[in-house]
Amino acid sequence: MNIKGVHIFKFSFLIGLILLFLSVFVEWYSYQIFTLEQELIVSWKYNIFWEWSSIFSDSPLNEALRPENLSISVPLNIIFLCFLFLSGYVILFKDIERVDSIIKYRPYSYVLGITLILNIFYVVVFPVMYLFPQELYFPFIQIVDYEQDFMYLYSIDIGYVLQLIAFMLIFPFPIHYFRTIYTFDNEKNNPETYLKNKIQDAQEPLDLDKLIAQEELKFQNSDRTIQEDDLNEIINLFIEGDS
Amino acid sequence: MSTEISEVKLKALIQICKETKNNKKLAVVSFILSSNKLDETGITLGFRKRNKNAGETIYDYMTTINQIFQKNLQLSIFTDVQIEVIRECEPIFLMSKGDIAIQYIKKMFTLYFELCKLKVPNLHKEIPHEGLTGSRSLNYLSFFSSNNGRRKKDSNTLTPLLLQQIKYLERKNQEELKNKFDPEKFEKSIHLHAIKTTIEQKGRRGIHIQGPLKHNISYQMAIESIYTYFLIGLIFLTISLGIIILLELSYFPNQLGNLSNWSIIIFGVSGLLIFLYIIQFRKEVR
């Protein structure tokens, strides 16, 4: 696989981001009741922003059987949207393959990582923490109640399915990005650069050209006192240190 | 500035100072150059720089480095003669603020040129794994790899043998160095010690490279693992869904009939994916 292969996963990551963005605005869960004659009498759809909504706005039975609000944190949803945009920015403008110093790109790897974690959170936590306590089944369950002549249909909807598909599309790239940055850190921890800088910091400044020039001037009977002052300054600096 | 250019300039300065009889300048230059060289030597050996602000003298610095290396490698970096020169010249230089006799200046320059000849290995430099336990680039791929454990096991088997061999070579070198100082043997001795430490610590570090990643062969090899990440993602997803359904079963045991079908399908798919993952890695190992 060559470098172009990475671009496929980069592109799939972008598609995944778009799907995640769309998922926020469509229904995640569907709860419907049919009669045994297949007539839809109750229909509720759940979205993480505007909770339950129904096509039967004026049906008393529909209202009576409305599930309770799941109350997924709205700030969390907004944070999720922000990270989607940030990830889009990282993927489009922060290409680690073309830069000399990838160490500066570490924060971007965290952005991608958090987006992935939030996606996992929604995929795993949504059914466990929000659906099950409300007795809403997962992923698709059909229950027939012959006593009441009702057929209950519980199912995940397009929003949650988009989350699942997006997870498959986005998972490889953040891992690759993160691993690459942590494996190929080429600046801060480079021993050669570190050593060179350390040695440079420790060196006492010594301008041999200047000293030679001063001596040459002295040799030509120029002003001696200035040179003596310069030399005394160098000595003091050397003996007393930087303090 | 390259060493050759510095040397030419230094010779020019010595020449002109001889003409002007400015011994003080030569004394100062000789001390600064020696101090700089010692700092460079110390830092290259993994030691700190001389603490001038705390009043640490060059003599103190040299003896401390020697003590540390005596303790670790039973070796002295600086010879007794070199330390004696500093012990003799430094207090006079400090007291007279640079006004020292010409014989001390000569001694200091001799010391400086000896220090320049002292080739010390860079102890910050990472010891390449290629020569020890196989390819480092390939090790990079082992993050999620199933053969990671096996590779580790192989390396563990080799480690005592390697360590024994290194210790033997190190001791032999030290014996030879005690009789006669040889910069090459000294360098070898320090490298052996560094290799020994690296093996013992088994520290994990990044691959250090220069230039963009896309030109790096290790990176291009590492790209292969992105397919594996895709497979791992799918495995993670199916196992997560399976666990969610098992949790659901604990919530609603009366739905066993409906949910058992889902759990069979999902765990079946994850089993298949794990099988594909194993096949993929066998292929990679080959």
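What is the volume of the largest cavity? The largest cavity has a volume of about 70 Å³. Before I continue, colleagues, a word on conventions. This is a predicted model, in which local features need pLDDT of at least 70 and side-chain atom pairs count only at pLDDT 80 or more, while totals for chains, interfaces and linings use all residues. Residues are numbered from 1 along each chain as its sequence is written, chains are lettered from A and ligands numbered from 1 in the order in which they are written, and side-chain values use heavy atoms, without hydrogens and water.

Let me begin with the cavities. A cavity here is a set of points, on a 1 Å grid over the protein atoms alone, where a 1.4 Å probe fits but cannot get out; grid points are joined across faces, edges and corners, and a volume is the space filled by probe spheres set on the points. The count is 2 cavities of 30 Å³ or more. Thirteen, written 13, is the number of residues lining the largest cavity, and A:Lys10, A:Asp95, A:Ile96, A:Glu97 and A:Phe173 lie nearest its centre; a lining residue has an atom within 4 Å of a point. At least two lining residues come from each of helix H1 (3–24), helix H3 (74–93) and helix H6 (172–183) of chain A. Helices are DSSP runs (H or I, at least four residues), numbered from the N terminus. The lining comprises 7 nonpolar, 2 polar and 4 charged residues, where Asp, Glu, Lys and Arg count as charged, Ala, Val, Leu, Ile, Met, Phe, Trp, Tyr, Cys and Pro as nonpolar, and the others, Gly among them, as polar.

I turn now to helix H6 of chain A and its partner in chain B. The axes of H6(A) and helix H11 (residues 225–251) of chain B come within 8 Å and cross at roughly 135 degrees; axes are lines fitted to C-alpha atoms over the stretch in contact, with angles from 0 to 180 degrees between N-to-C directions. In the contact (heavy atoms within 4.5 Å), H6(A) contributes A:Pro172, A:Phe173, A:Ile175, A:His176 and A:Arg179, and H11(B) contributes B:Ile226, B:Tyr229 and B:Phe230. By class, this contact has 6 nonpolar, 1 polar and 1 charged residues.

Finally, within chain B, the axes of helix H4 (residues 80–96) and helix H5 (residues 102–117) come within 10 Å and cross at roughly 135 degrees. H4(B) and H5(B) are therefore oblique to each other.

Technical notes: On a 1 Å grid over the protein atoms alone, a cavity is a set of points where a 1.4 Å probe fits but cannot get out, and a pocket is an open set with protein on both sides within 12 Å along at least five of seven lines; lining residues have an atom within 4 Å of a point. Angles under 35 degrees count as roughly parallel, over 145 as roughly antiparallel, 65 to 115 as roughly perpendicular and the rest as oblique.
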